[in-house]
Amino acid sequence: MKKAMALLLICLLGLSVVGCGNSKSADTAASSQEKKSITVGTSPIFKDIVAAAKEDFDKDGYVLNIKVFDDLVTPNIALQEGSIDANVYQHGPYLEQFNQNKGTTLAPYNGGLVKYFMGVFSKKIKNINDLQAGATVSIPNDPSNRSRALKMLQANGLIKLKDGAAMPTKLDIVENKKNLNIVEMDVMKLVSSLDDVDCSTINSVIAVQGNVDPKSAIALEDKAESDKYSIVIAVQKDQKVDKTIARLETALKSDKVKKFLEEKYKGAIVPLF
């Protein structure tokens with residue numbers, strides 16, 4: 001009887017070890033599969049660009065899931081927390097400022113993908129010199145785009161900013177001869193604000209997606225300034241050598257995506273590849 005009980009115990013232990021081994025193998029397989037399926041966060045502005053890269057990414061068992069966020073903050077919070085694997089919607093200066101303000105540790109993956117320009121748009125005037133005293137101008141309310149807009153207004157002689165202000169705010173305006181009423185708002189609301197303001201500072205991507213011809217801008221920022229604001233793939237710092245993110249970059253820099261950009265945006269977005 002004792003021998004029979006001992007033999008039964010050995011068999012049960014053996015089954016337990018085999019079961020653990022199978023579970024470990026399953027976990028390893030799941031982990032391997034997880035690496036081939038990633039979720040990329042983006043905004044309504046750039047979702048079509050990421051979608052254009054999906055077909056090339058989704059080969060050999062890889063899967064690109066696209067999650068669209070309606071604001072500019074949540075995609076970075078989600079990336080920091082790990083609920084998404086990367087995001088594509090922001091330029092380098094915004095990412096840098098976000099890290100400083102929020103204490104996040106995100107990083108751009110290599111260089112920029114595309115760039116765009118910022119312009120002054122209006123439904124009420126045809127020339128920037130026709131802007132009247134006391135006119136209302138809408139600008140973005142996030143730090144990097146706000147400073148970009150203010151620098152553009154200065155470059156076009158509408159205001160003067162304090163010397164040395166790298167990321168200027170309205171508090172850095174030292175001269176406003178036309179007494180412009182500068183109103184800050186979410187970047188996604190700038191196109192709709194054109195019905196209510198005299199002019200607005202809008203980047204070319206948002207303009208074209210809001211059915212505003214980017215070539216209709218009545219003033220532009222300096223080219224040297226627009227070159228600073230290329231859109232990047234953002235990742236967690238330890239992902240900078242991730243092969244799956246490298247695959248994402250390759251898909252986003254394909255000839256297919258370049259052709260898509262040229263056909264849809266007609267110069268509003270310039271590929272950097």
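**Reading the aromatic rings**

Author: Let us begin with a single residue of this predicted model: at 7% relative accessibility, Y94 counts as buried, because the cut-off for that word is under 20%.

Reader: Which ring does Y94 pair with, and how are the two planes set?

Author: Two rings pair if their centres lie within 6.5 Å. Y94 and F98 are 6.1 Å apart, centre to centre, with 35° between their planes, so the pair is called tilted. F98 is buried too, at a relative accessible area of 5%. Both residues belong to helix α4 (residues 92-102), where they are four residues apart, about one turn of the helix. Ring pairs also join Y89 to this group, giving a cluster of Y89, Y94 and F98.

Reader: How many aromatic pairs are there by this rule?

Author: The count comes to five aromatic pairs. One of them is formed by F46 and Y116, a tilted pair with 6.5 Å from centre to centre and 45° between the planes. This pair links distant parts of the chain, since F46 lies in the loop between β1 (37-42) and α2 (47-57), whereas Y116 lies in strand β5 (residues 114-116), 70 residues apart. F46 is buried, with a relative accessible area of 4%, and Y116 is buried at 5%.

Reader: Where do charged ends sit over rings?

Author: The charged end of K36 sits over the ring of Y62, 4.6 Å from its centre, and that of K67 sits over the ring of F69, at 5.3 Å from the ring centre.

Methods:
Residues numbered from 1 in each chain as written. Predicted model: local features only at pLDDT ≥ 70, side-chain atom pairs only at ≥ 80, totals over all residues. Heavy atoms only, no water. Phe/Tyr/Trp six-rings, centres within 6.5 Å; stacked < 30°, edge-to-face > 60°. Helix = DSSP H or I, 4+ residues; strand = E, 2+ residues; numbered from the N terminus. Buried < 20%, exposed > 50% of the residue type's maximum accessible area, 1.4 Å probe, protein only. Lys NZ or Arg CZ within 6 Å of the ring centre and 35° of its normal.
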